[in-house]
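Biologist: I have the model open and would like to go through it with you. Shall we look at it together?

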Amino acid sequence: MLRITPVVGRLGHLFADAGHELHLVGGSVRDALLGVLGHDLDFTTSAHPDEVERLLRQFSRSVWTIGKAFGTIGCRVQAEGVDWVIEVTTYRTDAYETDSRKPEVRFGDSLTEDLVRRDFTVNAMAIDVTVPGGVFVDPHDGLGDLAAGVIRTPGTPEQSFSDDPLRMMRAARFSSQLGLTVAPEVAAAMTAMAERIEIISAERVRDELTKLLLTARPRPGLDLLVRTGLTERVLPELPALQLERDEHHRHKDVYEHSLTVLEQAIELEHRLEHRPDLVNRLAALLHDIGKPATRRFEPGGKVSFHHHDVVGAKLVRKRMKALRFSTDETKAVSHLVELHLRFHGYRDGQWTDSAVRRYVRDAGDELERLHILTRADCTTRNQRKAARLREAYDHLEERIAELAEAEELDSIRPDLDGNQIMELLGLSPGREVGQAYTHMLEYRMEHGPADPETAEAELRRWWAERSG
């Protein structure tokens with residue numbers, strides 16, 4: 001039997017003394033069985049929300065009721081040197097109407113009724129914590145499925161996905177997160193009911209997609225979403241990458257290439273301060289989504305994708321806006337997609353210092369992610385070609401580092417600011433000051449830092465030429 005931490009035992013006694021059932025449930029039990037139980041604990045109870053709130057206020061000084069309409073009360077408690085986050089939910093039987101985006105919440109009367117409504121058998125296990133030592137409850141053989149590495153539903157998958165269509169995406173997430181394989185009947189129901197996902201709000205779809213992308217191995221889950229047709233409804237640009245191969249096989253499978261780039265970008269996330277990194281992963285997955293719209297068959301059997309970087313950036317903005325991603329996330333991902341080909345103009349260190357400065361300036365805050373995306377975008381099986389590309393990018397990063405040390409590349413500005421420009425040229429704030437500032441910035445990019453005398457001379461030369 002799983003060891004019950006003392007804080008759980010005390011909570012169980014509190015509910016038992018009040019005449020209520022209380023069970024540790026769902027992901028908390030699953031994770032405990034896998035040996036990865038965290039400090040967030042989920043419980044289900046026979047007590048209704050008002051009573052749960054009353055009991056938790058006896059147990060903790062920090063109680064919240066934001067989910068009370070859905071039967072959930074939460075609290076935070078310090079015990080055994082751990083900051084526990086606890087949520088207790090009244091037995092429920094939720095369901096979606098045919099065209100509704102919100103579930104109808106119904107409180108249930110028994111643990112059995114509550115568990116059968118759960119998404120998957122591996123999340124439909126419970127431990128009765130009102131009994132000393134706890135009693136394991138597993139009516140749908142979730143433990144057996146967990147051991148076998150299979151995702152099944154407690155009832156029929158059709159009923160489960162009808163109750164909450166988002167569970168179809170959750171199946172994909174668990175296949176990646178837990179390394180489980182979806183049972184054939186579950187995959188069949190996902191395929192048959194894929195259009196049902198359209199009643200789910202964009203925000204919930206986004207959140208589930210984000211959780212999938214932030215797993216250690218997103219590829220299996222993404223593959224499942226594509227195979228079952230769910231991405232056609234929520235992220236159609238991804239399956240669109242499965243382009244028909246031309247008869248001469250002159251171009252890569254763009255879909256498989258994109259998933260490989262995603263995997264390689266994840267391997268390089270150690271370069272980032274925070275990880276896992278959603279922007280990095282979205283940029284890797286979507287960097288080539290402009291290819292289907294730009295594919296052209298050229299004379300001689302060649303295939304081109306001219307301007308797929310620019311087209312792709314526009315598609316990223318449109319899709320991420322539809323999925324309600326934040327403005328900052330959308331801007332960052334689209335910017336990376338637009339820049340992902342820029343390095344390919346760099347050959348054998350032929351870029352001038354000014355070109356390197358512009359590369360850094362255009363990347364801005366996304367420079368480190370651009371480094372990762374560019375390196376991850378190399379999926380050739382030609383080892384000599386791959387080695388040459390790595391060496392070239394190593395060289396570019398070295399040049400960036402050298403220039404950064406000498407010139408503070410992360411904050412490139414003109415050698416004269418706006419106030420100095422107005423004073424030297426006798427101007428008031430206006431368009432001409434902005435034009436002069438832009439010229440001096442370009443001069444700085446082209447020539448590097450200049451002393452005050454040289455910068456002033458250049459400003460006066462430009463002004464005289466312009467005024468003449």
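Biologist: Which helices do the buried residues of α12 pack against?

Modeller: Buried means under 20% relative accessible area, exposed over 50% and partly exposed in between, with a 1.4 Å probe and protein chains only; contact means heavy atoms within 4.5 Å. On α12, V254, Y255, H257, S258, L259, V261, L262, A265 and I266 are the buried ones. Their packing partners are α9 (202–213), α10 (218–227), α13, α14 (291–294) and α18.

Biologist: Before we go further, what kind of model is this?

Modeller: Residues are numbered from 1 along each chain as its sequence is written, and side-chain values use heavy atoms, with hydrogens and water left out. Local features need pLDDT of at least 70, side-chain atom pairs count only at pLDDT 80 or more, and totals for chains, interfaces and linings use all residues, the model being predicted.

Biologist: Back to α12: how far apart are its end C-alpha atoms?

Modeller: The expected span of a helix is 1.5 Å times one less than its number of residues. For the 14 residues of α12 that should give 20 Å, and the end C-alpha atoms agree, being apart by 20 Å.

Biologist: And α9, what covers its buried residues?

Modeller: Buried in α9 are A202, V205, R206, E208, L209, T210, L212 and L213. The cover over these residues includes α7 (166–177), α10, α11, α12, α13 and α15.

Biologist: Do β2 and β5 run parallel or antiparallel?

Modeller: For contrast, β1 pairs with β2 in the antiparallel sense over three bridges, with H23 facing T44 in β2. Between β2 and β5 there are six bridges, with D40 opposite V85 in β5. The two strands β2 and β5 run parallel.

Biologist: How many salt bridges does the count come to?

Modeller: A salt bridge is a side-chain nitrogen of Lys or Arg within 4 Å of a carboxyl oxygen of Asp or Glu. One network of them links D119, D164, R170, R173, R204 and E208. By this rule the count comes to 38.

Biologist: Are E237 and R319 buried or exposed?

Modeller: These two form a salt bridge, with the closest N and O atoms 3.0 Å apart. The pair links distant parts of the chain, 82 residues apart: E237 in the loop between α11 and α12, R319 in helix α15. Both E237 and R319 are buried.

Biologist: How does R271 count, buried or partly exposed?

Modeller: R271 forms a salt bridge with E368, the closest N and O atoms being 2.7 Å apart. The two are 97 residues apart, R271 in the loop between α12 and α13 and E368 in helix α18. E368 is partly exposed at 30%. With 26% relative accessibility, R271 counts as partly exposed.

Biologist: Last one: how many residues has the largest nonpolar core?

Modeller: A nonpolar core is a set of buried Ala, Val, Leu, Ile, Met, Phe, Trp, Tyr and Cys residues joined through side-chain atoms within 4.5 Å. Among those with the most contacts inside the largest core are Y359 and L396. Apart from that core lies another of 27 residues, including F59 and W84. The largest core has a residue count of 81.

Conventions. Helices (H or I, at least four residues) and strands (E, at least two) are DSSP runs, numbered from the N terminus. Two strands pair if DSSP finds at least two bridges between them.
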